[in-house]
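Keep the viewer open as you read.

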Amino acid sequence: MAAAAGPSSSSSVKETLPPALGSTSQPPPVFDGTTRLYICYFCPFAQRAWVTRNFKGLQDKMELVAIDLQDKPAWYKEKVYPQGTVPSLEHDNEVWGESLDLIKYIDSNFDGPALLPEDSAKRQFADELIAYANAFTKALYSPLMAHAAVSDEVVAALDKLEAEMTKFNDGPFFLGQFSLADIAYVTILERVQIYYSHLRNYDITKGRPNLEKFIEEMNKIEAYTQTKNDPLFLLDLAQNHLKIA
Ligand SMILES: N[C@@H](CCC(=O)N[C@@H](CS)C(=O)NCC(=O)O)C(=O)O
């Protein structure tokens with residue numbers, strides 16, 4: 001299947017991103033009716049919501065507010081999202097969070113191309129894949145944070161994704177069409193590919209052609225590529241802040 005083209009794919013102009021707000025920045029006029037997506041430019045969870053927004057062509061309807069997590073403004077927790085994490089979405093006088101819930105919320109409540117298939121078997125599989133995304137993230141990050149070798153659990157988690165990608169035999173995406181399931185994994189894969197390559201000399205795509213093709217096709221989708229960071233910057237950030245090694 002050819003790369004899916006979201007509305008943002010028609011333009012190669014990179015959106016001008018607002019500067020990240022820190023502890024001395026004024027808050028936006030919260031609950032004034034504007035829909036705002038609070039993110040951090042380097043956060044894989046926030047990136048899921050950001051890709052969803054871009055793919056649905058919501059750039060003009062959902063304002064990005066970038067938070068500087070290294071100098072977090074107190075008002076973010078006090079006025080916007082008591083959990084204090086990104087992403088969160090201010091919409092209709094309420095604030096929604098948790099990236100995997102949020103991407104479903106954005107898909108269901110806003111215009112733009114549907115990011116879940118109609119087919120009920122595929123929808124059920126999408127739910128299963130999305131539900132597994134946190135466990136996958138933990139499986140891949142844990143050995144890096146524990147400074148441990150590539151474990152059987154890492155290999156098994158990657159092999160599981162590789163196998164899931166052929167379930168409906170219409171790749172390169174999990175469900176034939178580009179969907180929330182792809183968004184749930186791609187921002188994590190982007191990072192672990194860099195970390196494992198640099199820190200373990202381990203290529204996560206080696207012997208996993210579906211995964212390799214998936215990453216290749218994702219890199220043709222502008223809604224995603226516009227949210228990517230420099231690989232070495234991500235590596236440095238994770239080494240310094242997550243203490244991965
Ligand atoms: N389970 C949450 C995790 C969100 C999360 O942990 N985000 C991090 C940034 S990557 C965060 O906001 N941390 C709070 C902080 O650094 O103060 C989700 O999926 O939305």
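Two strands count as paired if DSSP finds at least two bridges between them. The model is predicted. On that definition, four strands form an open sheet in the order β2-β1-β3-β4. The pairing is mixed. Strands β2 (63-66) and β4 (94-97) are the edges, each pairing on one side only. From one strand to the next, the twist averages 25°.

Now look at one pair within the sheet. Strand β1 (residues 36-39) runs antiparallel to strand β3 (residues 88-91), and three bridges join them. At one of these positions, L37 has L89 of β3 as its bridge partner.

Helices pack on this sheet. Helix α1 (residues 44-55) touches β1 and β3. Its direction makes about 145° with that of β1. Helix α3 (residues 99-109) touches β3 and β4, and its direction makes about 125° with that of β4.

Next, turn to a helix pair. Helix α4 (residues 120-145) packs against helix α5 (residues 152-164) at about 145°. Their axes are 9 Å apart. The crossing is left-handed. From α4, the contact draws on L129, F136, A139, L140 and P143. From α5 come E153, V154, A157, L161 and E164. By class, the contact holds eight nonpolar residues, two charged and no polar ones.

How values were computed
Residues are numbered from 1 along each chain as its sequence is written. This is a predicted model: local features need pLDDT of at least 70, side-chain atom pairs count only at pLDDT 80 or more; totals for chains, interfaces and linings use all residues. Helices (H or I, at least four residues) and strands (E, at least two) are DSSP runs, numbered from the N terminus. Axes are lines fitted to C-alpha atoms, for helices over the stretch in contact, and angles run from 0 to 180 degrees between N-to-C directions. Two residues are in contact if their C-beta atoms, placed from the backbone, lie within 7 Å. A crossing is left-handed if the near helix is turned anticlockwise from the far one by less than a right angle, and right-handed if clockwise. Ala, Val, Leu, Ile, Met, Phe, Trp, Tyr, Cys and Pro count as nonpolar, Asp, Glu, Lys and Arg as charged, and the others, Gly among them, as polar.
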